[in-house]
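The exercises below are worked from a predicted model. Try each task against the structure before reading its solution.

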Amino acid sequence: MMGLPLAFAQPLVLIGLIALPALWWLLRLIPPRPRRISFPPTRMLFDIVPKEETPARTPWWLTLLRLTLAALLILAAAGPLWNPPIATTQAKVPMALLIDDGWSAAASWDARVRTIDDLISRAESDGRGVALVPLSETTRDISLETPGAARVRAHQIVPKPHSLARGDVLPAIKRFLAATPTAELIWLSDGVDVTQSPEFVAGLAGMTEGRTVTVITGGLPSPRALTAAENAASALAVKVLRLSPDGSDAGVVRAFDLKGLSLGDTPFKFASGQTETEAQFDLPVELRNDITRLEIVSEHSSGSVQLLDKRWRRRTVGIMTGSTADTAQPLLASNYYLSRALNPFADVRIAEKSSPVDAVTRFIEQGVPMMILADVGNVSGEARDKLLRWVETGGVLVRFAGPRLASGGDDLVPVKLRRGGRILGGSLSWDKPQQLASFSREGPFVGMPVPEDVTVTRQVLAEPEAGLGDRTWAALADGTPLVTAVKRGKGVIVLFHVTADARWSNLPLSGVFVDMLKRLVGLAGLVQQETTPQQEASREFLPPTRILNGFGAFGPPPVYARPVAANYTGRAKADNPPGFYGPPEGLLAVNTLAPTDRLKPLDLAPLKANIEPYRVGEPTDLRGPLFVIGLLLLVIDGLVVFWLSGGLTRLMPRRASAAVVLFALGTLALAALPTPSFADQASDQFAAKATVETHLAYVITGDAEVDAVSKAGLTGLTLFLGQRTALEAGEPMGLDIAKDELSFFPLIYWPVAPGAPKPTAAALARIDAYMKQGGTVLFDTRDAVMAPPGPGGENRSPGMVALRGILSSLDIPELEPIPRDHVLAKTFYLLRDFPGRFNSGQLWVEALQTDKGEEEDETKRPARGGDGVSSIIITSNDLAGAWAQRPDGQPMLPLSPGEPRQREFAFRAGVNIVMYTLTGNYKADQVHVPALIERLGQ
Amino acid sequence: MADDATQQHDRGAVTRAVGEGRSLAASMPRLILEARRIAASVIHGLHGRRRAGTGENFWQYRRFVSGEAATRVDWRRSARDDHLYVREQEWEAAHTIWIWPDRSVSMAFSSPLMRETKLDRALILALALAEVLVEGGERVGIPGLLRPTSSRNIVEKIAQAIVHDTSTRHSLPPAFAPSPLAEVIVLSDLWSPIAEVRQMIAQLSASGASGHVVQVVDPAEETFPYGGRVEFVEPEGAGTVTAGRAEMWRGDYQARVERHRNEIREETDHLGWSFIVHRTDKAAADLLLKLHGQLGIGRDIGIGRRTPKQSEQRT
């Protein structure tokens, strides 16, 4: 059907394609919408219009696009199917599947099984019975089965290794058709006609008159086969066959030995239109003789395998010599020369220590194709008759002259010989040793180069007679024959007129000798097919040993494999499947195809059947892809129309589009920027602000009221510092101890709120580091008034409890209530206590190391400083509350006892603390002692 | 013509005009700045033109040269001395310069590659020119909008007048009669029918005023870079034209534009006016210099060339 495996579910819809020209006309008529452009000099264009007659048309490619779209839609609506299932015409009638299951179906068996599966599945869905008829099973009766059972059985069918004899099934089919006359026949054929198929087709046609028969054939690679392997003198040639000239043209034949090792590849190539070609293995003869199996690579069928047995291997040559004394000096014996010359290409059997009669008899029984008698004078009696018969049935008898032959012999020589030898170049001879001069054109030695170094000193001479020249295969320079031969029956008798050793000539020492023997062995190959009746009689039947299955793989012999006659040369049959038969040392190869078999296509014409190809792939519904392509085309069409009518520029105002693009790009760029840059920027700003001036800092607690008081208090203190001291600090800064850098600030005021959450571990670690690096934290619990009464009561105030919670996580040095002589009390003002809003609280600082030795000097030293600045100062007097001022300069909060100078002293305490943190302990220096004492005295 | 246009005004046009007025007002500061910048660069290169000539302001007394008309003697000055003196006025050749920036809808056009619309360019030119001229002592007016004035803040005045102008914006200046010594500068795209242009030039030059016609065009209006199927819409509502393949129209269009210009040029040459084509992708300062030069040359040459005529007329 049309060559393409394409079918339509509703072919009628395809009529819609006729409408395409009309559509084309319509599309050409309706132009796309024009772009609208506001163009001030349009008035100029008014004058042009009459001149320019440009019919507005749809561009041809747009028309084509739309027509394609319409065509696609119509095609898709028609329901196209790629690889449509095989059409089975009648529903609800039984279906008989005739299955070719010979070797020629094996290479593509999977596809065939898929087709069978497909057919059975549809039979199942239609509720039809199925009869499976493997054409190799001639004995089984055909019966209908349920599709399920048929499917199981179909999978059990394996291709048979032999060629089908389809005609044998005809009776069974006839019976089946008689029983179920409505059955539909489907023949899954391999299309190969090897044996009796013409009869089968004719018979089938007769039976199925008026019935619909579907033959499924083709669509699969045509089978290829090997046959007629021939171990010629120069190469091992094998014929490669194929069914039809349209298959693959080239391939590779691979050779294996008996153990399955690859020995070599050779490519083959079919000439176009040819169904037969030849592959040649140009291997050394030793390797060639080891080849037992040839196969076409990647063609898995028994037909593509050619098995070779001994008949293809090197020829056996029997050697017997007449001189028994030779063995005393084995390296000079003719046996030695002959076996050395023959060994590379022939199986040499030497008859030792036996009479010529016995040896000849044994060799003939062994079926050697070639025998060499070296200087055997006379073979007589029964042995001579046997030998003659053997020669007449194809044996090659090669004789070498010698003293015994020269002294008179039998008649198994090509020419009549003179008695006595001829001596050349001897002391009693006029003649010089003669050289080998020529090879006869008729003989097997034709074409061989004539050596110049071969000389003959003695020879036996032929009686000159008519026909001597015809029988001469090689001659000496004086014209006397060196090698003569005569045909006897199918065989040939060859005589070398010299010995096989180096006594009479140096021929056995030269390379020509080997070549001559090789050609003689080749002669033996040509005639070796025939066997003697004795041989046939002695080994009549050989049991199967290793049998090929249909796919060309070796396996154990199946039960139905019968022994085969030892001289079997035909093609394999069902009873004698291809493979090796016989004992391992004498294997007989039975091949699928006989050497004369050729693959011929089946002639299905008489059947008048529907012929369908095999389906290689699954059936594919093409509607989906077609609709998708159509949709894509529709989108493209839409885009084209959009573009034709102005595209994006119509969507947005001109400037706006650029702005939108810029904005989008900008947004993208911003989004692409790493966000930490903002944080970096913020912290940079913070650092810049904090470091330009000295700032007092307070910790933001999160309690707005507390933070406001802290800020106002520190602002007040900053003002006070500016008024009284040289420190003109910047505006106080609130710190988030978890995030802000602390190291910019010499003093951090930390109001501790009772309910404040404890800072995180990371924040506390930062505080710890800050204090370790020289910073001072002024903790103010601001609750001196709330402290319970009694000694140590202030340490149990709620603020102190909260503070303790904070400090428990810090590495805090030992603390002490500020001693009177602490430098903190003297850094700017001389202070006694450090009041804030309250004056009952105690100020705690880091404990100073008191030196025992200096205890008596304590009174002399008015100030103790230690080495560093106390990293922690704790008070509960709410210093910031006392410092806090409203913007108008009035104090923000009332003081607790309300003494007149309490606020002043609170400020002074603040000044001292700030100065302490800024200047350190230099006030404790000894230099100032006298002045300080003096001032203290006042 | 104006009445027809007013009658044709529909509501949409009004709103559009209001919107355009707003956007014009919004862009005015930028235009003023730009105009000042350009004007400053031009003024920088100007020479003073203070010299004696016909004018209204006193310039100097000079000795009477015999042969002059006795009526020119300033007797009051001469009476104080033994010599006769002639009172000279400062030279005032062009008393008044009328600048007409076309603010019609069609001027709001700019092709996609251009940054400025033609209107922007025309206004910049008008403002800069006014600045330069007032700096040089001339009086500048806008027909129908602003009476001639030599006020220092002429730019602001013009800008305010333009922004607050609610009347219909016509392409060509209204018919008025400039004084014979006045000069008229028309900045317009001049895509109006040639008959209207001719009528305008004829009317303005009827009183003997000289003038300069500047056609401000967008590059796209010259190169016609359109292709494919395009419907061209006249922005002032004159109609539409659909070109099947616009690229095929290019040659004809350019020829037509060239013919239009030749017709205008013919008219201006005939009257001694100048005709300049200015593309908005060229620098505004170039045109300003050129125009200023034309003013000066026009004056000198105009006087030289026109004097016989005028004397003929006078005599």
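**Exercise 1.** Locate B:Leu190 among the secondary structure elements of chain B, and decide whether B:Leu190 is buried or exposed.

*Solution.* Step one is the place: B:Leu190 sits in the loop that runs between strand 6 (183-188) and helix 6 (194-205) of chain B. Step two is the backbone: the phi of B:Leu190 is positive, about 60°, although the residue is not a glycine. Most residues other than glycine have a negative phi. Step three is the neighbour count: 25 C-beta neighbours lie inside 10 Å of B:Leu190, and the cut-off for a buried residue is 20 or more, so B:Leu190 counts as buried.

**Exercise 2.** Check the length of helix 6 of chain B, then find which of its residues are buried and what they pack against.

*Solution.* Begin with the span. Helix 6 of chain B has 12 residues, and the distance from its first C-alpha to its last is 16 Å, close to the 16 Å expected at 1.5 Å a residue. Next, list the buried residues of this helix: B:Val197, B:Met200, B:Ile201 and B:Leu204. Viewed down the axis of helix 6 of chain B, these buried residues fall within an arc of 95°, so they line one face of the helix. Finally, look at what that set packs against: strand 6, strand 7 (210-217) and helix 8 (250-271), which belong to chain B.

**Exercise 3.** Apply the test of span and burial to helix 3 (residues 60-77) of chain A.

*Solution.* The 18 residues of helix 3 of chain A should span 26 Å at 1.5 Å a residue, and the end C-alpha atoms are 25 Å apart, which agrees. The buried residues include A:Leu72, A:Leu75 and A:Ala76. Down the axis of helix 3 of chain A, the buried residues fall within an arc of 90°, so they line one face of the helix. Just after helix 3 of chain A comes A:Gly79, with a positive phi of about 70°.

**Exercise 4.** Find the loop of chain A that holds A:Asp878, and classify the residue by its neighbour count.

*Solution.* A:Asp878 belongs to the loop between strand 42 (872-875) and helix 23 (879-883) of chain A. Its phi is positive, about 55°, although A:Asp878 is not a glycine. With 28 C-beta neighbours inside 10 Å, A:Asp878 counts as buried.

**Exercise 5.** Describe the side of chain A that touches chain B: how many residues, which elements, which classes?

*Solution.* First count: 25 residues of chain A are in contact with 28 residues of chain B. Then assign elements: strand 2 (35-38) and helix 2 (42-46) of chain A each give two or more residues to this side. Helix 2 of chain A gives the most, with five residues. By class, the side of chain A that touches chain B holds 15 nonpolar, three polar and seven charged residues. Last, inspect the strands: strand 2 of chain A pairs with strand 8 (residues 230-233) of chain B in the parallel sense, over four bridges. A:Arg36 stands opposite B:Glu231 of that strand 8.

Terms used
Residues numbered from 1 in each chain as written. Chains lettered and ligands numbered in written order. Predicted model: local features only at pLDDT ≥ 70, side-chain atom pairs only at ≥ 80, totals over all residues. Expected span 1.5 Å × (residues − 1). Buried ≥ 20, exposed ≤ 12 C-beta atoms within 10 Å, placed from the backbone. Arc of directions from axis to C-beta. Contact = placed C-beta atoms within 7 Å. Nonpolar A, V, L, I, M, F, W, Y, C, P; charged D, E, K, R; others polar. Pairing = 2+ DSSP bridges.
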